[in-house]
Amino acid sequence: MSAEVVLSKDDLRAVTGFAAASAETVLGIFEADQPDDSRPREAIGAAWAFARGGERGKALRDTAWAALKAARSAHTAAGQEAARAAMAAAAYLHPLAKATQVKHILGAGAHAARAAELATGESAADHLERTVRRAAPEVVDVLRRYPSAPEGGGRVAELTRLLDAALRTRPE
């Protein structure tokens, strides 16, 4: 595999839209924890703005960092994971052929699954199954250009690997 992955702006928009949709599913968990904190909602909004044709720039970076800071202010682990899902939705995917970049494609979905698991006791597998169904073929195509998700890490890393495997083996 080459050192770089070729990504078009349409590829980036598809991945960002998928991530925003994934994070949106658990935004209410964070907002129940921190009703006066709009930072995760703003990160998801910035991600949608880019996915729908806006520019990929400072707004994404700034709102991603703000959502990460919001995660630190949440009172519950579920709220923290929901804010991290929003952060991941606004994070940049880079054209580096490294397994760590898979987190930029699937991180929002994995954090959302963990947030749902913690908040509702819902099976993460059920949440991941819905996330797999949500992924457009363009997202799966981009994912397959990268190495598989890296080993190690905690529960979110495990969920990332499960989501990665499910999407890579999904029939066309």
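**View 1. Residues around the largest pocket.** The largest pocket has 18 lining residues, and Lys103, Gly107, His111, Val156 and Thr160 are the ones nearest its centre. This is a predicted model, in which local features need pLDDT of at least 70 and side-chain atom pairs count only at pLDDT 80 or more, while totals for chains, interfaces and linings use all residues. Residues are numbered from 1 along each chain as its sequence is written, and side-chain values use heavy atoms, with hydrogens and water left out. A pocket here is an open set of points on a 1 Å grid over the protein atoms alone, where a 1.4 Å probe fits and protein lies on both sides within 12 Å along at least five of seven lines; lining residues have an atom within 4 Å of a point.

**View 2. Space and helices at the largest pocket.** Its volume (the space filled by probe spheres set on the points, which are joined across faces, edges and corners) is about 290 Å³. Helices H5 (77-90), H6 (102-120) and H9 (155-168) each supply at least two lining residues; helices are DSSP runs of H or I, at least four residues, numbered from the N terminus. H9 brings the largest share, five residues.

**View 3. The second largest pocket.** This pocket holds about 170 Å³ of space. Among the residues lining the second largest pocket are Arg61, Trp65, Met87 and His104. Two or more lining residues come from each of helix H4 (58-73) and H5, and H4 gives the most, with four.
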